[in-house]
Amino acid sequence: MKEDRFLPLAPARLHILLALAGEDLHGYGIMQEVLRQTEGRYRLGPGTLYDNLQRLMNHGLVEESGRGPRNQDSRRRYYRLSALGRGVLAAEIARLEGVVRDAKLHRATARPRRAS
């Protein structure tokens with residue numbers, strides 16, 4: 001699958017793709033959505049955000065969507081997931097679900113260690 005060549009995703013890239021999964025957003029909106037989705041546990045700074053956005057656009061995972069909703073600042077650039085980006089996000093979610101499933105299985109079958 002061509003999506004697999006992008007996996008695993010770095011945390012910043014995963015969070016950006018997750019933020020864009022719901023709607024087109026501008027940079028500040030992406031940062032706010034990441035904070036909301038992670039309940040404040042993960043914070044993207046502007047440098048990290050725009051560096052990763054550029055890389056995601058270079059790989060064809062994210063694209064500019066033109067202007068945002070009406071009554072918004074026309075200078076803001078809005079971003080959206082491409083079809084490839086949606087596929088990569090789905091593949092990463094499936095990969096992470098497998099990691100969690102394996103971890104739970106390992107934990108359930110692991111023998112407790114004896115104290116020395």
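**Stop 1: the whole chain.** Show the protein chain as a cartoon and pick out its 4 helices and 3 strands. This is a predicted model. Trace the chain along its sequence, and the elements come in the pattern α-β-α-α-β-β-α. Now zoom out. The radius of gyration is 18 Å, well over the 13 Å that the globule rule gives for 116 residues, so the chain is more spread out than a compact globule. A box around the C-alpha atoms, taken along the principal axes, is roughly 65 × 35 × 20 Å.

Of the 116 residues, 36% are buried. Consider also the contacts between residues at least 6 apart in sequence: 55% of these join residues at least 24 apart.

**Stop 2: α1 and α2.** Select residues 11-20 for helix α1, then residues 27-37 for helix α2.

Next, show the side chains where the helices meet. From α1, select H15, I16, L18, A19 and L20. From α2, select I30, E33, V34 and Q37. Colour them by class: this contact has 6 nonpolar, 2 polar and 1 charged residues.

**Stop 3: H15.** Keep α1 on screen and centre on H15, which sits in this helix. Is H15 buried or exposed? Its relative accessibility is 15%, so H15 counts as buried; the cut-off for buried is under 20%. Which residues does H15 touch, leaving aside its neighbours within four places in sequence? Select V34, T38 and Y42 to see these contacts.

**Stop 4: α1 and α4.** Turn the view to inspect the crossing, which is left-handed.

Finish with the side chains. On the α1 side, select L14, L17, L18 and L20. On the α4 side, select G85, R86, V88, L89, E92, I93 and L96. By class, the contact holds 8 nonpolar, 1 polar and 2 charged residues. Look back at L18 and L20: these α1 residues meet α4, and they also meet α2.

Note on methods: Residues numbered from 1 in each chain as written. Predicted model: local features only at pLDDT ≥ 70, side-chain atom pairs only at ≥ 80, totals over all residues. Heavy atoms only, no water. Axes fitted to C-alpha atoms, helices over the stretch in contact; angles between N-to-C directions. Helix = DSSP H or I, 4+ residues; strand = E, 2+ residues; numbered from the N terminus. Contact = heavy atoms within 4.5 Å. Nonpolar A, V, L, I, M, F, W, Y, C, P; charged D, E, K, R; others polar. Left-handed = near helix turned anticlockwise from the far one by under 90°. Rg over C-alpha atoms; globule rule 2.2 N^0.38 Å. Buried < 20%, exposed > 50% of the residue type's maximum accessible area, 1.4 Å probe, protein only.
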